[in-house]
Amino acid sequence: MIRTLRRAAFEVIAVVFTLLLFVGPLLFVAFMAGKTVPEASDMAFSLPQKQQYLPNITSVVQASDFLLIRAFINSLLLTVFSIVVLMVVSAMAGFVLERRSSRFLSVVNALILVGLMIPPSVMTTIWLLQGLGVYKTLFGLVMVEVSLGFPFAVLLYRAFMVTLPRELDEASMMEGCSGWTLYFKIIFPLLKSVSATIIVLSSVNIFNDFVNPLYFLPGAKNATVQLTLFNFMTRYSTQWNLLFTNVLLLTVPPLVLFLFFNKQIVAGMVAGAVKS
Amino acid sequence: MTMNRAFAKTYSYWFLLPAALIYGLFFLVPTLVSFFFSMTRWTLVEWDFVGFDNFVSFFSESSLNIGFMNTVIFAVVTAGLKVVVGFLLAVLLTSDLRSKHILRSIIFFPTLVSTIAVGITFSNLFHPTMGAINILLARIGIAGPDWLGDVHLALLSVAFVDVWKGVGIALVIFIAGILAIPEHYYEALAIDGGNAWNKFWGLTVPLARPALNSVILLAFIGGLRSFDLVWTMTGGGPGFTTDLIASIIYKQYQAGFYGLATAGNVILVILVSALAFPLFRFLSKTEVDL
């Protein structure tokens with residue numbers, strides 16, 4: 001009896017503490033986004049007295065000629081292109097890296113491990129992009145995102161390919177299929193579940209990325225959503241309600257992904273961490 | 001021999017070509033040439049070779065070398081807290097708590113929210129006079145400090161937010177590690193009459209070692225490379241007291257000192273390698289097999 005009571009009390013404390021610490025800040029964002037300018041300037045943790053979500057959203061969206069909409073489109077394009085290229089490139093590389101071993105491939109593996117650990121060199125990347133004529137372009141940024149996401153993605157693909165039986169490969173070799181047929185017709189379709197994990201994880205990472213667009217895609221015209229949010233920080237320093245409306249709008253996409261793909265996201269993060 | 005040739009043909013190196021082009025060109029090449037340009041005064045077009053001048057100024061100017069210490073402090077504090085808090089939470093959330101699944105999801109969610117959004121939110125909550133945190137503290141009779149304005153506290157406040165946002169990743173990795181421990185180890189311990197303390201230190205910690213090692217390494221490297229949270233919350237201030245190497249790189253870039261910024265990058269690469277690779281070796285030596 002006392003044991004049950006103690007456990008129940010413990011459970012209540014755990015729940016209250018988590019709600020306060022982790023849900024509190026998110027609620028604060030949701031409250032602030034519905035306030036009027038004078039009410040928001042109090043920064044109080046309270047429900048909006050006269051809720052104004054719609055007018056706030058309208059003014060944030062319309063600000064500087066629909067900048068936010070353009071930024072959303074830019075971020076969406078960046079995310080989609082980066083993920084498609086990342087998947088193609090990493091799955092192909094993972095296929096050979098998992099199936100075959102040689103001295104050459106161990107050098108390749110070491111170079112990939114380096115990419116997992118060390119930070120990218122920013123200035124020389126700008127220099128390179130300028131030299132190639134793709135600085136401040138979406139294409140250049142996509143290439144950077146792919147090269148930075150590659151070590152982790154190839155790790156996940158390799159780890160998953162271990163579970164695909166080699167008998168598949170042997171049977172198709174007996175049939176006289178080439179490596180390309182084997183890969184595109186048999187192996188790649190079987191990678192569906194790990195591809196889904198990579199899609200979800202990378203879309204969160206790339207959509208939320210701030211540093212790379214800051215360096216490689218500066219300028220208001222082709223800003224991404226995170227850059228826009230950062231710039232609004234100074235512009236809306238007196239209009240907290242609008243700043244938080246912006247924060248709220250940018251928290252919706254990851255929230256939706258989280259509600260639908262919670263399992264894949266967690267599985268991917270765990271697999272990536274333990275395999276490395 | 002023919003089998004070997006068929007093997008080599010099937011798993012052709014051509015599969016690596018797209019990856020080699022993109023990763024080689026956009027990651028490896030910039031990394032390699034950065035060692036050269038870190039020793040130049042550089043406009044991105046023209047350069048003068050200046051030897052180790054950039055490194056000397058990085059370590060002699062106090063506005064620059066403060067970032068070195070801050071980066072190490074920030075990485076140690078955030079990684080340490082993520083490991084300790086994350087592990088304790090993982091033990092708690094693998095027990096028979098009824099709400100464990102929902103609590104896990106709640107704690108994990110902030111890892112998916114953009115860093116800029118989190119930074120803006122907490123800058124507000126941390127406001128010295130009007131922020132919700134100090135108002136709450138005042139209600140229970142504590143005068144809250146100026147979290148982001150106090151030179152001794154600001155870096156730790158940012159570190160706290162970093163832990164708040166990132167502890168969810170540590171948590172899910174730890175939960176996976178703890179759930180992978182075979183149940184019969186615990187049963188054997190229970191028969192031998194071990195208490196909760198023995199269970200934790202004698203079984204859970206050593207057997208969850210691979211997960212612990214991964215998190216220590218990931219969190220530590222992540223901490224050393226941190227930039228966006230500090231940049232959003234303090235911009236390196238007050239003064240230079242929260243500047244990290246990564247934020248100094250950005251400031252030098254903004255000021256047009258590209259050679260100096262590149263030197264900062266090389267210092268960061270060396271720092272990560274010098275700390276992370278030995279740590280990796282040390283941790284993998286202490287792992288036990290299940």
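Analyst: Happy to, and below we go through the chains, their contact and a few local details.

User: Great. What kind of model is this?

Analyst: This is a predicted model. For chain A, the mean pLDDT is 89, and 99% of its residues reach 70 or more.

User: Where in chain A is confidence lowest, and where is it highest?

Analyst: The lowest confidence in chain A is in helix α12 (residues 240-275), with a mean of 85. The highest is in helix α5 (residues 122-132) of chain A, at 95.

User: Let's stay with α5(A). How many of its residues are buried?

Analyst: Eight of the 11 residues of α5(A) are buried, so the helix is largely enclosed by the rest of the structure. They are A:V122, A:M123, A:T124, A:T125, A:I126, A:W127, A:L128 and A:L129.

User: What covers those buried residues?

Analyst: Both chains take part. The cover includes α6 and α10 (211-216) of chain A, along with α2, α13 (245-254) and α14 (258-285) of chain B.

User: And what comes just after α5(A)?

Analyst: A:G133 does, and its phi is positive, at about 75 degrees.

User: You mentioned chain B. How many helices and strands does it have?

Analyst: Chain B has 14 helices and two strands. Its C-alpha trace spans about 80 × 75 × 30 Å along its principal axes.

User: How much of chain B is buried?

Analyst: Of its 290 residues, 46% count as buried. As for how the chain folds back on itself, take the contacts in chain B between residues at least 6 apart in sequence: 69% of them join residues at least 24 apart.

User: Now some helix packing, please. How do α6(A) and α9(A) sit against each other?

Analyst: Helix α6 (residues 138-161) and helix α9 (residues 192-208), both of chain A, pack at an angle of about 155 degrees, and their axes are 11 Å apart. α6(A) and α9(A) are therefore roughly antiparallel to each other. Their crossing is right-handed.

User: Which residues make that contact?

Analyst: From α6(A) there are A:E145, A:G149, A:A153, A:L156, A:Y157 and A:F160, and from α9(A) there are A:V194, A:T197, A:I198, A:S202 and A:I206. This contact of α6(A) with α9(A) has seven nonpolar, three polar and one charged residues.

User: What about α3(A) and α9(A)?

Analyst: Helix α3 (residues 53-99) of chain A packs with α9(A) at an angle of about 145 degrees, with the axes 9 Å apart. The crossing of α3(A) and α9(A) is right-handed. Among the residues making the contact are A:S75, A:L78 and A:T79 of α3(A), and A:S195, A:I198 and A:I199 of α9(A). The contact of α3(A) with α9(A) divides into eight nonpolar, six polar and no charged residues.

User: Changing topic: which residues does the cis peptide bond join in chain B?

Analyst: B:G237 and B:P238 are joined by a cis peptide bond, with omega at about -5 degrees. B:P238 lies in the loop between α12 (228-233) and α13 of chain B.

User: I also wondered about A:S64. What is its phi?

Analyst: The phi of A:S64 is near 30 degrees, which is a positive value in a residue other than glycine. A:S64 is placed in helix α3 of chain A.

User: Is A:S64 buried or exposed?

Analyst: A:S64 is exposed, with 12 other C-beta atoms within 10 Å.

User: And B:L44, where is that found?

Analyst: B:L44 is in the loop between β1 (40-42) and β2 (47-49) of chain B. It is not a glycine, yet it has a positive phi of about 80 degrees. B:L44 is partly exposed, with 16 other C-beta atoms within 10 Å.

User: One last stop: where is B:G202?

Analyst: B:G202 is in helix α10 (residues 196-207) of chain B. B:G202 is partly exposed, with 15 other C-beta atoms within 10 Å. The C-alpha atoms of B:G202 and B:P110 are separated by 32 Å, and the two residues are 92 residues apart along the chain.

Notes:
Residues are numbered from 1 along each chain as its sequence is written. Chains are lettered from A and ligands numbered from 1 in the order in which they are written. This is a predicted model: local features need pLDDT of at least 70, side-chain atom pairs count only at pLDDT 80 or more; totals for chains, interfaces and linings use all residues. Axes are lines fitted to C-alpha atoms, for helices over the stretch in contact, and angles run from 0 to 180 degrees between N-to-C directions. Helices (H or I, at least four residues) and strands (E, at least two) are DSSP runs, numbered from the N terminus. Angles under 35 degrees count as roughly parallel, over 145 as roughly antiparallel, 65 to 115 as roughly perpendicular and the rest as oblique. A crossing is left-handed if the near helix is turned anticlockwise from the far one by less than a right angle, and right-handed if clockwise. Two residues are in contact if their C-beta atoms, placed from the backbone, lie within 7 Å. Ala, Val, Leu, Ile, Met, Phe, Trp, Tyr, Cys and Pro count as nonpolar, Asp, Glu, Lys and Arg as charged, and the others, Gly among them, as polar. A residue is buried if 20 or more other C-beta atoms lie within 10 Å of its own, exposed if 12 or fewer, and partly exposed in between; C-beta atoms are placed from the backbone. pLDDT is the predictor's confidence in each residue, from 0 to 100.
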